[in-house]
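Please look through the following structure with care, keeping the sequence beside it as you read. The briefing begins with a single residue and then widens to its surroundings.

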Amino acid sequence: MKRKIHIELLATSALAIVLTLLFALFVFYGLFQEQIMGDLKADAWVLKNMHVFDHIEDVHPDTYDLNAESLRITVVGENGSVIFDSNADAAAMSNHEDRPEVRKAFEAGEGSGTRRSETLDKNLFYYAVKLKNGTVLRISREADSFFAVLWNLLPTVAGVFFFLFLLSIFLARYVTKSIVEPIERMAENLSEPGQEAAYRELAPFAAKIRQQHEDILKSAQMRQEFTANVSHELKTPLTAISGYAELMEHGMAGKENTERFAGEIHKNAERLLSLINDIIQLSQLDDGKRRMEYQDVDLLQLAEECEDMLNMNARRLNVTMEVRGSSAVVSGDRQLLEELLYNLCDNAIRYNNQGGKVTITTGTEDGSPFLSVKDTGIGIPGEHQERVFERFYRVDKSRSKATGGTGLGLAIVKHIVAQHGAKIFLDSQISKGTEIRVVFSETLRS
C-alpha cells in the first residue's frame with residue numbers, strides 16, 4: 001500500500017510539474033509577444049511624430065542602421081509599392097498592398113500582424129502606422145518561435161524539473177508515511193474495544209472488520225466447544241459398547257446376560273450412528289457444502305408422510321399423532337424440510353408423556369405458509385427456552401440420553417430454517433407441552 005501511494009504521488013507530482021512548466025512557458029511567451037508588439041508600436045509612433053519619413057526622398061537607405069536592435073523599417077506608398085526599406089533594395093521588393101498590417105493601416109490608420117518563418121524557425125512581428133503624406137510606415141522585428149525559446153531554455157527547465165521532482169520524492173515519502181501510519185496503528189489495535197478509526201471514512205470499514213474478528217473468535221470458540229462435546233458424546237456409547245463386548249469376549253456375561261448385553265451394544269451402536277449422522281449433516285449445513293435443490297413442497301403432504309414414518313415409534317411410547325390444517329406450498333429443499341419436520345416430531349414424541357399427543361398443523365396465515373408441531377409433553381422451563389437450539393444443549397440430560405437423543409436435532413432445525421429464510425417460534429409451559437412454529441416468507445411460495 002505504501003509503495004502504491006508513493007508511486008502515485010510521484011507520478012502526480014511529475015505530471016503537475018511538467019504541466020506547470022509548460023503553462024509558465026506559454027504565459028511567458030505570450031507576455032514576450034505582447035512586449036515586442038508594444039515596443040514596435042512605441043517605436044512606430046515615435047518615428048511618425050518625429051516626421052522623419054514625411055519626406056521620403058530626403059531619407060538615404062544607409063542613414064538608419066537598426067540591425068543592432070533587429071528592427072527593420074519599411075515605407076509603403078499608397079499603391080502598395082515599397083518606397084524605402086532599411087534592410088533591402090526597395091526597388092527589388094514586391095508590392096506590399098496585400099500584407100494584413102499594411103492594409104489595416106491604410107484603412108484604420110494602424111495595424112499589426114505576426115507571421116512565422118518556417119525556414120528560419122522564427123516569428124516575424126509587424127506594426128504599421130499611416131503617415132500624414134498617405135504612406136504607411138511599417139516596423140518589424142524577428143523573434144524566436146515558442147519551440148526555439150523552449151529549446152534554448154531546456155537546460156534551465158530540466159534543472160527546475162529535477163529539483164522539484166527531488167523535492168517531491170521527499171514530500172511524497174512524508175505524506176505517504178503520515179497517511180499510512182495511522183491506518184497501521186489502527187490495524188494493530190483494531191481488536192481493542194476503544195480503538196477508533198484512523199480516518200472518519202474508515203469507520204464503517206473498521207467496524208466491519210472488528211465485527212468479523214469477533215465473529216471469527218466466537219466461531220472458533222463454538223467449534224472448540226463443539227469438538228469437546230462431540231468427543232464427550234462419542235465417548236459414552238463407545239465406552240458402553242467396549243465394556244459389554246469385553247465382558248462377552250471373556251465369557252463373563254453368562255448365558256442369561258448375553259442377550260441383554262447384546263441389546264445394550266445394539267442400542268449404543270444405533271445412538272452412535274445417529275450422532276455421527278447428525279454431526280455430518282450439521283457440518284455440511286455449517287460449511288454450505290450441501291447444494292440446495294429448490295422445488296415446490298406441500299407442507300401438508302410432508303406432514304402426512306412424517307406421521308406415517310413416526311407413527312409406529314409414537315405408538316411404542318403410547319403417544320398419538322394427528323395432522324391438521326390445509327395445503328401450504330413453499331419453495332424449498334424437500335430433503336431438508338423432511339429432516340426439519342422429522343426432528344421436530346421426533347423431539348415431540350421423545351419428550352412427551354404416556355398417553356400424550358403430537359399435533360402437526362400446516363396452513364397459510366397472513367399470506368405466509370407455516371407448519372406447527374405441538375405436543376402435550378413435559379414442557380421447557382423459561383430459562384432454557386433461548387438455548388434449546390444450541391448444539392448438545394439438553395434441558396433434562398438424563399431423559400435425553402435415556403430416549404436416545406443426540407442433542408443436535410434442534411440445532412439442525414435452526415440451520416434449515418435459516419437456509420430457507422423462515423422464522424422459528426417456540427412456546428412452551430412446564431407440564432403442559434411445547435409448540436414450535438416455523439413461518440416461511442411469503443416470497444418463497446410457489
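L341 touches L302, A303, C306, I360, L371 and V373, leaving aside residues up to four places away in sequence, where contact means heavy atoms within 4.5 Å. This is a predicted model, in which local features need pLDDT of at least 70 and side-chain atom pairs count only at pLDDT 80 or more, while totals for chains, interfaces and linings use all residues. Residues are numbered from 1 along each chain as its sequence is written, and side-chain values use heavy atoms, with hydrogens and water left out.

**Nonpolar cores**

- The largest nonpolar core has 35 residues, and those with the most contacts inside it are L341, L344 and L371; such a core is a set of buried Ala, Val, Leu, Ile, Met, Phe, Trp, Tyr and Cys residues joined through side-chain atoms within 4.5 Å.
- Buried means under 20% relative accessible area, exposed over 50%, and partly exposed in between, using a 1.4 Å probe and protein chains only.
- Two or more residues of this core come from each of helix 6, helix 7 (334-350), strand 9, strand 10, helix 9 (409-419) and strand 12 (433-439); helices (H or I, at least four residues) and strands (E, at least two) are DSSP runs, numbered from the N terminus.
- Helix 7 gives the most to this core, with eight residues.
- Apart from this core lies another, of 18 residues, which includes L40, L47, I73 and L137.

- Five strands form an open sheet of mixed pairing in the order 7-9-10-12-11, and two strands count as paired if DSSP finds at least two bridges between them.
- Strand 7 (320-325) and strand 11 (423-429) are the edge strands, each pairing on one side only.
- Strand 9 (residues 357-365) and strand 10 (residues 368-375) pair in the antiparallel sense over eight bridges, and I360 stands opposite V373 in strand 10.
- Strand 10 also pairs with strand 12, in the antiparallel sense and over five bridges, with R437 in strand 12 as the bridge partner of S372.
- Strand 12 is largely enclosed by the rest of the structure, because six of its seven residues are buried.

**Helix 2**

- In helix 2 (residues 100-108), the residues E101, V102 and A105 are buried.
- These residues lie on the same side of helix 2 because they cover an arc of only 100 degrees around the axis, the arc being that of the directions from the helix axis to the C-beta atoms.
- The exposed residues E107 and A108 are carried on the face of helix 2 turned away from its buried side.
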